[in-house]
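Work through each task before reading its solution.

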Amino acid sequence: MDFFKANLYTYRVFDKVKCKYTSSYSNELSINECWSDKFNVFNGRELFVHVGLKPFCKYYSNPQKATETIVNFLNEKLRPVSFMSQSFTPTFRKSGVYSIEHSKAEIGLFAEQFRVMSQFRTSDPIHNVSYTTQRKDKFANIDYHDTFGEAGFYSSLYDRDAVIVNLLTGRFVSTYLHFLEEKYKVPYKRKNVIYSGVVYSASGIYSVEQKNHAEFYPVEFNRKKIYNLLLSKGAIVEKSIQGRVVLSMVSVKLMDEIIGNILTKNPYFLVSF
């Protein structure tokens, strides 16, 4: 265990080692250049999209235009049932106040731009998600106040077999990894904490007891190893430019089954280097 803990704190050194998926793409780029028809295999699915917006802002002049272009492009190409993106508000842990309509997304430029143009937003005051959908029922009967619970939103992504999309993120990004830690009960699992506060919604104001996680000690995912595993198993579809991944997609069910099988044998897989 001491050796493992020592390993946890070495990620800052290892993460500086350059590989094709460790730093974001800095040149200006159009969404068309990132596309490949091989992504058509995900047509008609539910997309959970993460975007590194900076290169697109250079190409499309500003964040709003870049976001609108990306969303319209992916909607046209894949005709998704739902288009989702995180609009996290982690400051709720301290402020205890969350407005579904007015609280700004606090992590990522694309997240805030998409929040403004999206139809709906979930009521989870920390790990909330903005979305447009053709099937509002897909977002019903979910416990939005137990973030990583069995009846929570991230659990529902497995049943719906959503698709995790990373577009110019520079690394593999997916909050579903936190749900996997909970689902497979890893020994270093984040401690569950109840955060009290109020939620402002269109129908009024209500008190909330939000079950979310805290960390026992700093833990980082070994994202390069996770990505390479999924790639080696044929789960990830990717497009590269000059040896650097610009777009990747993976089915949540495949990701869960592949990583879950590893976690039953090596519970430290997600975080060991």
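The model examined here is predicted.

**Exercise 1.** Determine how α10 and α11 are oriented to each other, and which residues make their contact.

*Solution.* Step 1: the axes of helix α10 (residues 223–232) and helix α11 (residues 252–263) come within 10 Å and cross at roughly 115°. Step 2: α10 and α11 are therefore roughly perpendicular to each other. Step 3: the crossing in which α10 passes α11 is right-handed. Step 4: α10 contributes Ile226, Leu229 and Leu230 to the contact, while α11 contributes Met255, Ile258, Ile259 and Ile262. Step 5: these contact residues comprise 7 nonpolar, no polar and no charged.

**Exercise 2.** Classify the packing of α9 against α11 and describe the contact between them.

*Solution.* Step 1: helix α9 (residues 176–183) packs on α11 at an angle of about 45°, and their axes are 11 Å apart. Step 2: this angle makes α9 oblique to α11. Step 3: α9 and α11 cross in a right-handed manner. Step 4: Tyr176, Leu177, Leu180 and Lys183 of α9 meet Val252, Met255, Asp256, Ile259 and Leu263 of α11. Step 5: the contact of α9 with α11 divides into 7 nonpolar, no polar and 2 charged residues.

Notes
Residues numbered from 1 in each chain as written. Predicted model: local features only at pLDDT ≥ 70, side-chain atom pairs only at ≥ 80, totals over all residues. Heavy atoms only, no water. Axes fitted to C-alpha atoms, helices over the stretch in contact; angles between N-to-C directions. Helix = DSSP H or I, 4+ residues; strand = E, 2+ residues; numbered from the N terminus. Parallel < 35°, antiparallel > 145°, perpendicular 65-115°, else oblique. Left-handed = near helix turned anticlockwise from the far one by under 90°. Contact = heavy atoms within 4.5 Å. Nonpolar A, V, L, I, M, F, W, Y, C, P; charged D, E, K, R; others polar.
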